[in-house]
Amino acid sequence: MLNNFLFTSESVSEGHPDKICDRISDTVVDLMLAKFPEARVACETMVSTNRTIIAGEYRLPNGIEISNDEIERHVRKAVQDIGYEQENYHWEKMHFECHLHSQSADIALGVDQLGNKDEGAGDQGLMFGFACDETEDLMPAAIYYSHKILKEMSILRKTDRNNFLLPDSKSQITLQYQNGKPIKASSIVVSTQHVKGCSQEDIKNLVRDVVKKVLPDGWMCPEDEFYVNPTGIFEIGGPDGDAGLTGRKIIVDTYGGSAPHGGGAFSGKDPTKVDRSAAYLTRYLAKNVVAAKLARKCTIQIAYAIGISKPLSLYVNTDGTGIIEDTKIAKILNNLVNMSPRGIREHLRLNQPIYVPTSAYGHFGRKPNEGVEGSFSWEKTDLVDAIIKESGI
């Protein structure tokens, strides 16, 4: 295991084209779940210059209706909340298309609960969760602080009418590790869209103040390794600068490359989709293992087959930091939580309209109820006492 090294993670803001798409897709998910908690929905979004297109499938019971006009109102409100009122991408003026359709009957047959058959997974796949003791929220430090920089810039953009920031931005932090622990930033990159004609020096000074506020004392990188808008002017951004799609920022959404990823995106999917719900479960389990101090870091993998309720496998790896065997930890977790798709949703109370807050600044490392009541339930550490008891330590 490496002890002394550099490690880099990046984040993107809610105004990044791909994140606009995640926000819109999760807006549709929340809209459906607010109408019916057992709604099924898979929504994909694409944005480009003054254009937003959504497509996918959904299922609501007979008697519960949703119109394209209602969907469009919520989509435009989401874009407005992000802050897009630009000439070439404007919440009110953009062209909108909706191509949602009813869910495939073949998929419904395979995953629905019928008779003595429990609800099956909506697809095959493998999901990973991770936690470590590098930050108070048990997240890898590089992605954790990359998110915090952009969240702080977003707050500043929305609360200070005199600032010159626009919605599209990115951050990247390289951390220096000694003896396996992060000690400071060796370089920082922040690119932010801005209004026309403002000074690049003013932008850099503003961003520097934000970074210093976010990072722990003594962690600021050397000035010659602090890069703000390194290509120069960044006036054209958002969907006018680059097209966006749902689900293209899966490493930003998770652990910044510090842990494996199963490959599935989260946004736009209702919680019957194990790509989403099982990724939340594995984070929940890994975080509780680290919070219980059974390990300093923990990676968990789970796998499913379409139409089958029970997981095919559960893998736990504490990377040599565990105080009991990894196989024993896996057995403890299996005893404490029902890991079927239905069991996950019921344990974490996922059938609620709680997903819009997850669409930017990461699905993990957040506070329970951050943004909306019931959200980020997978960040709770309510298994700690039971894990300690079962471990016998």
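Residues are numbered from 1 along each chain as its sequence is written, and side-chain values use heavy atoms, with hydrogens and water left out. Because the model is predicted, local features need pLDDT of at least 70 and side-chain atom pairs count only at pLDDT 80 or more, while totals for chains, interfaces and linings use all residues.

The C-alpha trace spans about 65 × 55 × 30 Å along its principal axes. Of the 393 residues, 54% count as buried, that is, under 20% relative accessible area, with exposed meaning over 50% and partly exposed in between (1.4 Å probe, protein chains only). Among contacts (heavy atoms within 4.5 Å) with a separation of 6 or more, 72% come from residues 24 or more positions apart.

Turning to the strands, an open sheet of mixed pairing is formed by 4 strands in the order β1-β8-β9-β10 (two strands pair if DSSP finds at least two bridges between them). Its edges are β1 (5-12) and β10 (226-228), each with a single partner strand, so one side of each is left without a neighbour in the sheet. Within the sheet, β8 (residues 165-178) and β9 (residues 181-194) run antiparallel and are joined by 11 bridges. Q178 stands opposite K181 in β9.

Two individual residues complete the picture. S277 lies in helix α8 (residues 274-291) and counts as buried, at 0% relative accessibility. Neighbours within four places in sequence aside, S277 is in contact with P271, I344 and L350.

For those wondering about cysteines, the count comes to 0 disulfides, a disulfide being a pair of cysteine sulfur atoms within 2.5 Å. C298 is in no disulfide, and the nearest cysteine sulfur, that of C132, is 11 Å away. C298 is also buried, with a relative accessible area of 0%.

Key
Helix = DSSP H or I, 4+ residues; strand = E, 2+ residues; numbered from the N terminus.
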